[in-house]
Amino acid sequence: ARQWRTDQVDSRIRTLPPAIVTFELQTNGQIGRVRITQSSGNRSLDYSAERAILQGNPFEPIPATCGGSAVTIDFWFQLQR
């Protein structure tokens, strides 16, 4: 969320439906297969949400106690000004 920048979204827009970005998080914290699974209806907002995930790479590693080689995460980005 710290990487999310909305300065390219029209400043007159106060709120939008959430953009949901789904991605795989590998055990070492690396990101794989990022995609927008629900659009906010605003292309600029959707791309900014996707960029935020990519710019956050790498994330913290997944604890070994979770098992498996990766987890799938849905991250919701909700614009509210």
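Residues are numbered from 1 along each chain as its sequence is written. Because the model is predicted, local features need pLDDT of at least 70 and side-chain atom pairs count only at pLDDT 80 or more, whereas totals for chains, interfaces and linings use all residues; side-chain values use heavy atoms, with hydrogens and water left out.

The protein chain contains 1 helix and 3 strands, assigned as DSSP runs numbered from the N terminus (helices H or I, at least four residues; strands E, at least two). Along the sequence these elements follow the pattern β-β-α-β. The C-alpha atoms fill a box of roughly 45 × 20 × 15 Å along the principal axes. Of the 81 residues, 32% count as buried (under 20% relative accessible area, with exposed over 50% and partly exposed in between; 1.4 Å probe, protein chains only). Among contacts (heavy atoms within 4.5 Å) between residues at least 6 apart in sequence, 73% join residues at least 24 apart. The chain exposes about 5300 Å², of which carbon and sulfur atoms supply 48%, as computed by the Shrake-Rupley method with a 1.4 Å probe.

The structure holds 3 aromatic pairs, defined by ring centres of Phe, Tyr and Trp (its six-membered ring) within 6.5 Å; planes under 30 degrees apart are stacked, over 60 edge-to-face and the rest tilted. The rings of Trp 4 and Phe 77 are edge-to-face, because their planes stand at 65°, with the centres 5.1 Å apart. This pair links distant parts of the chain, 73 residues apart: Trp 4 lies in the segment before strand E1 (19–26) and Phe 77 in strand E3 (residues 70–77). Both Trp 4 and Phe 77 are buried. Phe 75 and Phe 77 form a tilted pair, 4.9 Å centre to centre with 40° between the planes. Phe 75 is partly exposed at a relative accessible area of 27%, whereas Phe 77 is buried at 2%. Trp 4, Phe 75 and Phe 77 form one aromatic cluster.

Phe 75 and Phe 77 also line the largest pocket, together with Ala 1, Arg 2, Gln 3, Ala 52, Ile 53, Gly 56, Pro 58, Phe 59 and Glu 60. On a 1 Å grid over the protein atoms alone, a pocket is an open set of points where a 1.4 Å probe fits, with protein on both sides within 12 Å along at least five of seven lines; lining residues have an atom within 4 Å of a point. The largest pocket holds about 200 Å³ of space, a volume filled by probe spheres set on grid points joined across faces, edges and corners. Helix H1 (43–55) and E3 each supply at least two lining residues.
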